[in-house]
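Please keep the sequence and the coordinates open while reading.

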Amino acid sequence: MTSSAPRGLQGAYLLGERASQDELRGKLLDVASQLLVTIGPESLSMRRIATEAKCSTTVIYTMFGSKEGLAEALYLEGFERFRRRLEAVPPRKNALEHLSALGPAYRDAALSEPGYYALMFERAIPGFAPSERARTLARAALNVLDRVIADCISAGYIIPIQPRKIADALWAAAQGAISLERAGHLRDSSVYEAVTYATVSRYLAEKPPVSHS
């Protein structure tokens with residue numbers, strides 16, 4: 001009869017190993033993202049990333065499979081970081097204020113992660129096209145917009161309409177302003193704030209609910 005490690009100890013070991021792998025994966029993605037920004041897509045070779053991250057190319061191939069797999073992982077990681085930023089916005093006293101607070105958080109996420117942003121929205125890697133699954137997961141990362149808009153509709157701030165339609169219109173307005181800002185055509189956040197406010201205003205109810213605060 002063979003002995004085995006206690007379940008609790010074995011579980012702790014597996015969790016620790018998984019955390020270590022997640023940390024290494026995050027480090028590799030950050031190295032690749034930084035190379036994309038500072039040098040360009042030609043720098044995204046497995047050997048170059050391995051050298052910068054001080055690991056073997058075998059580790060990278062094991063985690064991502066190929067350069068295309070790495071690009072898709074970068075794409076999804078970028079959207080996951082956006083999701084965490086939006087989810088971290090504290091709820092406000094009403095849904096409309098919460099929706100308004102998501103706008104600056106989205107802009108901050110875009111401008112603070114230039115490598116990920118370039119891959120997500122600007123085709124920074126020639127020839128890379130995310131899979132349909134990746135596109136679905138990317139849009140799901142922004143579901144917090146849909147949920148808060150649905151709360152606005154339920155509270156009577158916004159006219160009854162499919163929340164995703166409003167979320168996509170708001171997303172498009174935000175992306176347009178951010179792209180212009182990244183290209184140096186806008187100096188500050190004023191246009192971003194104006195276009196996102198105008199988009200939300202388009203759907204506001206004529207008679208908003210009476211506040212009891």
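In residues 45–64 the end C-alpha atoms lie 12 Å apart, and the span is 80% helix and 0% strand. Helices (H or I, at least four residues) and strands (E, at least two) are DSSP runs, numbered from the N terminus. An unreviewed UniProt entry places the feature "DNA-binding region" at residues 45–64. UniProt positions are given in the numbering used here, feature names are shortened, and annotations may be inferred rather than shown by experiment.

The model is predicted: local features need pLDDT of at least 70 and side-chain atom pairs count only at pLDDT 80 or more, while totals for chains, interfaces and linings use all residues. Residues are numbered from 1 along each chain as its sequence is written, and side-chain values use heavy atoms, with hydrogens and water left out.

Next, the charged pairs. Side chains of opposite charge can pair when their charged atoms come close. A search of the whole structure finds 13 salt bridges, each a side-chain nitrogen of Lys or Arg within 4 Å of a carboxyl oxygen of Asp or Glu. One of them joins the side chains of D30 and R81, at 2.6 Å from N to O. This pair links distant parts of the chain, with D30 in helix α1 (residues 7–38) and R81 in helix α4 (residues 67–87), 51 residues apart. D30 counts as partly exposed because its relative accessibility is 35%, whereas R81, at 16%, counts as buried. Here buried means under 20% relative accessible area, exposed over 50%, and partly exposed in between (1.4 Å probe, protein chains only).

A salt bridge also forms between the side chains of E122 and R182 (2.9 Å, N to O). Its partners come from distant parts of the chain: E122 is in the loop between α6 (114–121) and α7 (132–140), and R182 is in helix α9 (residues 163–182), 60 residues apart. E122 is partly exposed at 36% relative accessibility, and R182 is partly exposed at 31%. R139 and D146 pair at 3.1 Å, N to O, and both are buried. Salt bridges that share partners join D30, E77, E80, R81, R83, R84 and E113 into one network.

Leaving out residues up to four places away in sequence, Y106 touches F82, L86, F121, L142, W171, A174, Q175, I178 and Y192, where contact means heavy atoms within 4.5 Å.
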